[in-house]
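Please look through this model with me. My notes follow, point by point.

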Amino acid sequence: MRSVASLVLVVGILAVPSPASADPPVCGPPVVSTTQPGYTVADPDCDVNGTPFTPVGGSSVWTGIVDGAAYRLERPAAWNGELVLYAHGFRGSGTSVFVDSPSLRAHYLSRGFAWAASSYQTNGYDVGQGVRDSYTLIQRFKERTGQSARAVYMTGASMGGHVAAVAIEEHPSAFVGAMPVCGVLGDGELFDYFLDANVTAAALTGTAITFPKAPVDPSFLEVYRQQVAQEVPLLGTGAGLTALGRQWGDYVEQRSGGTRPGFDAAIAYWSALPAIPPLTSVPFLFGVYPGLSGGTANIAKGNITSNRLTLYQSDDNPWLSRDELRLNRDVLRVDRTDRPSRDLSGVPRVDGRPRVPVLSMHTIGDLFVPLSMEQEYARRAALQGRGKLFVSRAVRALGHCEFTGPELARGFDDLVSWVRTGHRPAGDAILDRRAVAAADFGCRFTMTDRPSFGAACPA
């Protein structure tokens, strides 16, 4: 791997590359991991599509593979002395790891920030490994560049948001601020939500489902596929949701963040989306059923999900209707045998005790990692007396991590200003049910209207 400085001499309108510039890297084949049996590590000098990773705007880059994890470092020519760590999201259960660049790469560099990212040594829902491999980038940056960063920001998307939230609690003196986006800020609560979506669908359709103990027999996959095949015709999908399907959507809405704008479009979008392999033949939310792994997420020692005390409601009226009482009576109840861990094993717990400013963003139509993750973190931070250190911003979009570049850049810039000045930026009142249910919820920080979301924000 390498260190490259890209120099460009501009004379009038003619740009001539400096003779000192290095040739673009040649993409090499994956190498065998030195730490994870059966794993390979992709060449960090190239993206997975074969595009070489090269410097931009006169920056210097360093890449390498250490202990089975690939990394990238980039420092702008006019470096401000600060570093941004980027933690990537869930990449399935394959055995090839790769590092990529953050979507805000150009923005970081233009503002004078260096950045660093890791592939992690493992795939799967291994947040602990993500924390370890991300944290080591601080020292690696010093070793490779010969300079220490005077301030470090922790960022991450999706599962990387979980990594970011744990990292700032595990290493409280290492960071000055954090920006998780579309993040799993509620640790095991995400898997409880997956459980809720599936058991309510089964109860409404009268489908008998089971929750096997780990290790789950491989034959259960086909059994479960057949169970879902009974449910889907009764619920419908996409724009063809039945009355029963819309009723199911009401329960999903309450469990995913409460009554809010755009939800009808969200449930239509996510119910039409196929699940991730190997369950591509079923709608998305059925493919994340925790019972497929015995509730272990293939990383914890036991089942971390439970709905034993969950009260299911289809609206925000605290009084239960006859239909709600019937569903709560009939729904499959599951008991946990394990919990999010206090260390970096299994599924690490997020306590909500940041010592540095945290600015988070979430799309309100996301039903993969839902808005309720933000609400859970806000509640925990408030209980820890750290509520003032958390700002959450809602964006009106349906997709997971569906942010525009300007929306992300605005969030990062506001976080930096908060760290430097101490002035807390604005956010959304995500724990105020009336604010969340208001027709204009999410408009304040949505910079581009998405027609698929529904009604546009007022001009």
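1. In what order do the 3 strands of the open sheet lie? The order is β4-β5-β9, and the pairing is mixed. Strands pair if DSSP finds at least two bridges between them. Helices (H or I, at least four residues) and strands (E, at least two) are DSSP runs, numbered from the N terminus.

2. A word on the source. This is a predicted model: local features need pLDDT of at least 70, side-chain atom pairs count only at pLDDT 80 or more, and totals for chains, interfaces and linings use all residues. Residues are numbered from 1 along each chain as its sequence is written, and side-chain values use heavy atoms, leaving out hydrogens and water.

3. β4 (31-32) and β9 (96-97) are its edge strands, each pairing on one side only. Strand β5 (residues 40-41) runs parallel to β9, joined by 2 bridges. T40 has S96 in β9 as its bridge partner.

4. N198, A201, A202 and T205 in α4 meet Y224, E231, L234 and L235 in α5. These residues divide into 5 nonpolar, 2 polar and 1 charged. Here Ala, Val, Leu, Ile, Met, Phe, Trp, Tyr, Cys and Pro count as nonpolar, Asp, Glu, Lys and Arg as charged, and the others, Gly among them, as polar.

5. Next, helix α6 (residues 243-255). Its buried residues (under 20% relative accessible area, 1.4 Å probe, protein chains only) include W248, Y251 and V252. Among the elements that cover the buried residues of α6 are α4, α5 and α7 (263-272). After α6 comes G257, with a positive phi near 145°.

Methods:
Contact means heavy atoms within 4.5 Å. Buried means under 20% relative accessible area, exposed over 50%, partly exposed in between (1.4 Å probe, protein chains only).
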